[in-house]
Amino acid sequence: MTEINTPPEPPEAKTIEIPEKARTLPSGEREFMLDVSTSDLEVNMGPQHPATHGVMRILIRTDGEVVTGGQVHLGYLHRCAEKIGENVEWLQYLPYTDRYDYLSAMNNNLGYSLAVEAVMGVEIPRRATLLRTICAELNRIGSHLIAFGTYGLDIGAFTPFFYCFREREWMMALFEKICGARLTYSYIRIGGVFNDAPVGWLKEVERFCDVFEEKWQEYYDLLVVNHIFVQRTAKIGVITPEMAVDYGLTGPMLRGSGIDFDLRRDMPYMAYDEISKAGVYDVPLGRGEKGELGDCWDRVYVRVQEMMESIKIIRWCLGCIEDGPVIGDIPKVLKVPPGEAYVGIENPRGELGHYVASDGGKVAKRCRVRGPSFCNVAVLEKLLPGTFLADSVAIIGSTDVVIGETDR
Amino acid sequence: MNLMALEAATTGNAFTELLGGIAPEGTPTWALWLGAAGAGVGILVAFVSLVAMFSVWLERKVSAHIQCRYGPMYAGGWHGWAQTLADGVKLLLKEDMIPLGADKPLFMLAPALVLGAIFGALVALPLAPGFFFADVNMGLFLILAFSSLTTIGVVMAGWASNSKWSLYGAMREAAQVVAYEVPLGVSLFVPLMVAGTFSLTEASAAQSGWFGMHWFIFQNPFMLPAFIIFFIAALAETKRAPFDLPEAESELVAGFMTEYSGIRWSFFFMEEYAAMFLMSAVGAVFFFGGYHSPLTALFPEEATTGLLYQLVCAGTLIFKSFVGVFVMMWLRWTLPRLRIDQVMSMGYKYLTPLALVCVLGAAIWETIFA
């Protein structure tokens, strides 16, 4: 019994082998006085640190301003989301999905609903599908606005953050009108959506699209092509295409490295097949325009461009939406027939996969989430050595992790 | 400071004359001097506090309006004018915290040193012809020396805090100030050559012609590049964005101020705004005519000793300084932050050589045309 209660021996502290690369600057200069004996400084960046976007802890080893190693520690926000999924009823789990990636709750609802629907094999009404698409894309814009705005904060530009919040506020007001919540929506349900859009809502979404297109140019001119911003982000944190594939990166992280992979087009779900075939939107890719392929600027650029692509998708959906039912024939107490399914969707941060297995009961037998932030954050340990302390902040910001989802 | 120096420093000072007028007959001269010095210090402290308070309020309003917000709106009624006052009271009443393991004496000394240095620097600033705390004939030297002293306070604070983030901030501050003192000083050689004096009083007085527009900046083609270099270096010197690396909040939490709280923290804060004002005022004196403007030129020769003229002069200089402060705020809320190596290379590789070129060009120009 005592063995269970006593904590296990802490593992041997992993010494980080300092690569030769870390001792040299990115420009290739060796500028350390090697005859002066200095010791590296170990700093805890986080869990309380403004640049870690939550409660991520990164143990950073530095030699002066140069980072020679970094270890990411996760788990400060662990809430047993997956285990809860195996203990509550199918529908009851939906609000929990809101809470892992709280910046893109619509997409989380969507992923889970699609997975359960895949097991059930239900038909989704057309209007519900289009409403889902509109909400998911609006939410993608909101999520990218946060990613972009806080990235500005990381680099030291305060003002774009407030501009981003101004538009996000409108987006949240739209969601408030359709489902009553501003952050944790639970709007997309198994079988469809919770309720129909209120009168005039679709018109307002159209107005939002018009205004957003103007504002988007503002962000672009103010920050994306700002000289200091480009200097700070280009050639920093370069992820080569091979590395991106090896680390299993998805979403803007992958596309920033120039790999043309978008689940919406390549493994289509809902109406995305139709949308992709109609050529409504393009998949923006990093091209190494300002520096090297796969640097921080490319990732930011991909996110900023994706906002405009989302606007195009929303406009297409608004163009062909018709009246009709918004939820399929789903019983109040849901019993899912035995079976299992994995559905991956294109979350703003990458592939959000839900694997659900049912044994025919009211509760899932297994509920497993493949979170994009969790997979994307792994690349940090590779990227951090050899950068400046300020660059490490830029790199962490460019991965755009949401700690609620890495820890779940 | 011995009495001779005190006499030299306070002769011609408005306070000495004022006190001499109201003091009873037979008051020893040293008492007058001491009284004048005391009154000067009191007024200086009040002045710096007011400037810092107004600047903090201004910064909050400027940043708010740049960011589509309102900023403080309630405290005091009109556009939250009393917000800084309320914040000051709050900061005064906060718990006095010194982290465990901090170097206590240094930790307590650092904010005092930083703020004291900026008071010292402002002594040499003439607000109007007869409105100064001390007419130091090496005034610019005094100001630069005192404003470098704040760096020592910052490094002290960073080291004494016993926090790694603070240490980083201190290291950055030291590196940055060493890199930017040089262009700052060298770029000021250009107006010094035109003015022919280190005294801010004399430099201001020398720009009175052309209906109050005989500013140094119009007198030499190398003045404008010198001013731009001066302004950039002053931004780095006062730790303002895009050179706010010592306190870079997204990287170093709050840099050297991480462990400070309460009134000690507000000392650093006040120093920052006082330093912004000081640097803008030095720029105004050596480039933009000091207290001269078309408005002050309206006064006839015989009215220039009157109080109204002095007040208009002081108002002019304060207005010019706040224009500089406003530009600094505008830059801060617009630009991202530079990286330390970019800051260093900008200081050493570009600004210093450019400043030297300006000095050379200005010297040639002065030799040929002046």
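These legends accompany close-up views of a predicted model.

**View 1. How confident is the prediction along chain A?** The average pLDDT of chain A is 83, and 90% of its residues score at least 70. Among the elements of chain A, the lowest mean pLDDT, 49, belongs to helix H1 (residues 2–5), while the highest, 90, belongs to helix H14 (residues 296–320).

**View 2. Where chain A meets chain B.** Chain A brings 26 residues to this contact and chain B brings 22 residues. On the side of chain A that touches chain B, at least two residues come from each of strand E1 (41–45), helix H6 (126–155), helix H7 (159–179), helix H9 (227–233) and helix H17 (389–399). By type, the residues on this side of chain A are 15 nonpolar, six polar and five charged.

**View 3. An open sheet of three strands in chain A.** Follow the order E6-E7-E8, with antiparallel pairing. Strand E6 (339–347) and strand E8 (366–370) of chain A are at the edges, and each has a single partner strand, so one side of each lacks a neighbour in the sheet. On average, neighbouring strands here are turned by 10° against each other, direction ignored.

**View 4. Strands E6 and E7 of chain A, with a helix packed on the sheet.** E6(A) and strand E7 (residues 350–358) of chain A run antiparallel and are joined by nine bridges. To find your place, look for Ala341(A), whose bridge partner in E7(A) is Val356(A). Helix H5 (residues 105–120) of chain A packs on the sheet and touches E6 and E7 of chain A. The direction of helix H5 makes about 150° with that of E6(A).

How values were computed. Residues numbered from 1 in each chain as written. Chains lettered and ligands numbered in written order. Predicted model: local features only at pLDDT ≥ 70, side-chain atom pairs only at ≥ 80, totals over all residues. Contact = placed C-beta atoms within 7 Å. Helix = DSSP H or I, 4+ residues; strand = E, 2+ residues; numbered from the N terminus. Nonpolar A, V, L, I, M, F, W, Y, C, P; charged D, E, K, R; others polar. Pairing = 2+ DSSP bridges. Axes fitted to C-alpha atoms, helices over the stretch in contact; angles between N-to-C directions. pLDDT = per-residue confidence, 0-100.
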